[in-house]
Protein chains: 2
Amino acid sequence: MSGGVWFPTLGLVAWLCFLGPVQGGKVLVVPVDGSHWLSMKIVVKELVRRGHDALVLVPESSMLIHGSENYRTEVFPVPYTQDDLDQIFNKMKDGVFVKNTGIRELYESVYHFAHFLSLQVDGCDRLLSNKSLMTRLKDEGFDLVLTDPFLPCGSMLSHAFSIPAVYFLHGLPCELHLEAIQCPSPLSYVPVFFSENTDVMTFPQRVKNMLMSLVMSNMCKLIYRDFDTLVRKHSGGITTYQELMSHGAIWLLRSDFAFDWPRPIMSNIVFIGGINCAKTAPLPADLEAFVDGSGDDGFIIFTLGSMVSKMPEDKAKEFFDAFKQLPQRVLWRFDGVPPTDVPKNIKLLKWLPQNDLLGHPKAKVIITHGGSHSIYEAICNAVPMLVFPLFGDQLDNVHRMLSRGVAEKLTAHDVTTEKVLTAVNKLVNDKRYKENMVKLSAAHLDRPVEPLESAVFWTEFVIRHKGAPHLRVAAHDLNWIQYHSLDVIGFLLIIVLSVVFVTVKCCLSCIRKCCRSSKRKSD
Amino acid sequence: MSGGVWFPTLGLVAWLCFLGPVQGGKVLVVPVDGSHWLSMKIVVKELVRRGHDALVLVPESSMLIHGSENYRTEVFPVPYTQDDLDQIFNKMKDGVFVKNTGIRELYESVYHFAHFLSLQVDGCDRLLSNKSLMTRLKDEGFDLVLTDPFLPCGSMLSHAFSIPAVYFLHGLPCELHLEAIQCPSPLSYVPVFFSENTDVMTFPQRVKNMLMSLVMSNMCKLIYRDFDTLVRKHSGGITTYQELMSHGAIWLLRSDFAFDWPRPIMSNIVFIGGINCAKTAPLPADLEAFVDGSGDDGFIIFTLGSMVSKMPEDKAKEFFDAFKQLPQRVLWRFDGVPPTDVPKNIKLLKWLPQNDLLGHPKAKVIITHGGSHSIYEAICNAVPMLVFPLFGDQLDNVHRMLSRGVAEKLTAHDVTTEKVLTAVNKLVNDKRYKENMVKLSAAHLDRPVEPLESAVFWTEFVIRHKGAPHLRVAAHDLNWIQYHSLDVIGFLLIIVLSVVFVTVKCCLSCIRKCCRSSKRKSD
């Protein structure tokens, strides 16, 4: 706050007193497993640090959601095992190194994704049918649900307990979140998921965008069908998941316009892209020594995210052969059986402190799958990217980075030593990549409020005000015809046509009369 | 910033170093006279306080823009006198106490407004044709233009000097600012200027909204015609004022969703509603004594803004007669000849420290014209309003407040003692007005960044990054047909119709062949 002018601080304090204390809010956290949870956990920890009580709901079969001293957890039984989950993820992982056509790739993605979702929906059904647990949770008197709407459980609990929901997400398939908040997305410059378009499209690309929009909206009906059924079963009176989500108070979007292309937004969207860039510790001594010793050539980080740490031997060999020809050192998140002759400039690790490494001044390039977390860590630290998009939103993510001139893209199924070498050398030696990335990073980091601060502020806002109804658009109460004013246009058209019709009729009748009388006269 | 997590502060510092120093930016300020300037001045002063150099362009005939020790000024000659300006304003002021029909009122408003604008356009033309001054200004090497786009001078200077523009405004007639940044405004729930609609409309109201939209867009062609001519004359290659404005880097909107109804927004809009609520000094002793002595009944503030401080004697009498029956004390901004028997509970003043008075705990009601500044001061301080909308956006402003249940509305031309008494008593005694206002105020004041801080931050952002191109939508490069994908829809329709046509033709031809062959066989 500026020191030169006195703001109505006393007034503010008075209102906050009227609203009751902020600290001591009770937050029910309904997370989604995997990398989704890693960034949400940052917010949960910060809420607890500020004096709130957070209870995290954990399905008994889960990959990354575990207990912690920072928050309470409630483990609930689900009708699938860890093996079931692993099986699906392994199929998805195996698929990434196999060449598919575009349509096949889309189909495979949707198929595995739908299978994963159906398991999760079953888990959610079990939770909502668990009467004793539901009663216990309701009796806790939570102030809000903080959830990732990638799965419907959190939204349904918010409805069941009549408490507001704060959504935390990067995005949803088919941009259902934007549909849910009535956010306009003109197809002429807002590229559709999976379309590989940017915000600047040629005519054929715009045709593709519209066709993809039709295809995706139908595919998504399939994806969200189970969600809708579950909603109808448990959230009386609400018929679709989209409708249920439309009641969300605040949408914390892990995005911003350094990453995304500018587009219309809504008043209840809060951008918190880069929230995962927080650093917690210095580099371990051995890593510090390895990267410090890389000289002027610097080092490269290679990781394909939390889901893929193994790759087929022949693919790994292509990378080994490429890396050993590089002057840079390479830190590789590698979980397979290493070859006996690992070159000296390569260090294999089962886990990498990725963001800390990216923050090191000698980091030259990151080779990544293009998950939103990795991309933001690269942007925060201004490190150019070589991206191997694998599945989900990664293909879309990489296109955003390619259009900014800060990345190169390769595909995992046809990777060769030559391609890797060429791409890395281009990223290191062509200074434009770094320059563009520095500019992008500067725009991203130059913000009035840090993303974590923003996320916590708006979560507390919802606690303080018991929602954010002043940010909910009236469009929610309109049907499709009303929203697009088609009834009004139809009504006005009928009036105009009626007037034209009557006028023409009158004129014709007058002309006829005139003709007749002049005829009679001439007769 | 949270203390628990280490953000990439070093990285940020590095990028800011890369970007060059923030302090020492050179800002060319092109203000609009009247109340518009009063809130912009707050930002200019704060920029100077932070080490920037601001030069304010002042037309030699001006009401409220004067020199200051806080900023430099450059007075430029204009082809109109102070008398010309006063004459227009007096006509507008006189008109507010005369009853007009809705259409007549609209016509009168547009007429006087267009006359005022044509004078200003002449002034702007004179400035832009003043070669020596233009050269001198260009040579100053400004980093940006901070301007109110209510008049076109600032935008045109930004174009002439090839520097970015930051726009500071409440809104523009016909919402030209939203058109300029390609912000969607669905007519089904976004009420049109002057329509007296809220965001929730019945079918007839939606019809009215659409008709008003057609009327306004034509009226506005008239209003902005001179702007467009001026732009074509001085801003080579650009044909309309809307197109010129579309290049604005950041739009500082003196609004938010405590005041406005939620609606789609764009990425380069920054809401700074309530920026004028800053307090600078305690109340003068005599005022403090007067309001403190008002007891539990409290006091009422009565002002019709910076433009109307005089009113016809008969109208004033209605107010005097009403006020003397009230238990509250009344502070009245009054510039006429006071009657001899001013009741003891009324204090007449030529100027009121409005915001400071509103901040006093005994303030019960403000009687105001409903200018955006007054409304925000009432919201900031949670004081219910009795509004007499006079001209411009005031009619729209008051509807926003009526829909929130925090205000009552009367019209100046048919005001009576009885009406004033009833309205004030309702506002004081029906606790719902105060309760609604306290909630609204709480939502408005509860923000992560103060409006002044936000305005200055984004102005400095534009200085640091030489614009904000990452926030400019690609829609600007599309024409109307492309934006609405009409060409794509047409193309797809042609394909679908062609396929249907060929299929039907083939089927018909097959059927015909089958019929012929069966006929032959039967023959």
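I started with a helix pair in this predicted model: B:Ser372, B:Ile375 and B:Ile379 of helix 13 of chain B meet B:Asn397, B:Val398 and B:Met401 of helix 14 of chain B (contact means heavy atoms within 4.5 Å). Helices here are DSSP runs of H or I with at least four residues, strands are E runs of at least two, and both are numbered from the N terminus. I sorted the residues of this contact into four nonpolar, two polar and no charged.

Next, the geometry. The axes of helix 13 (372–381) and helix 14 (394–403) of chain B come within 10 Å and cross at roughly 20°; axes are lines fitted to C-alpha atoms, for helices over the stretch in contact, and angles run from 0 to 180 degrees between N-to-C directions. The two helices of chain B are therefore roughly parallel (under 35 degrees; over 145 is roughly antiparallel, 65 to 115 roughly perpendicular, the rest oblique).

Bookkeeping: residues are numbered from 1 along each chain as written, and chains are lettered from A and ligands numbered from 1 in order of writing. Local features need pLDDT of at least 70 and side-chain atom pairs 80 or more, while totals for chains, interfaces and linings use all residues; side-chain values use heavy atoms, without hydrogens and water.

Then I traced the sheet in chain B. It is open, with seven strands in the order 3-2-1-4-5-6-7 and parallel pairing; a pair needs at least two DSSP bridges. Strand 3 (72–76) and strand 7 (269–271) of chain B each have a single partner strand, so one side of each lacks a neighbour in the sheet. The twist averages 20° from one strand to the next. Three bridges join strand 6 (250–253) of chain B to strand 7, and B:Leu252 has B:Val270 as its bridge partner.

Over in chain A I found an open sheet of six strands, order 10-9-8-11-12-13, with parallel pairing. Its edge strands are strand 10 (346–349) and strand 13 (407–409) of chain A, and the twist averages 15° from strand to strand. Helix 10 (285–292) of chain A lies across strands 8, 9 and 10 of chain A, at about 145° to strand 9.

Key:
Nonpolar A, V, L, I, M, F, W, Y, C, P; charged D, E, K, R; others polar.
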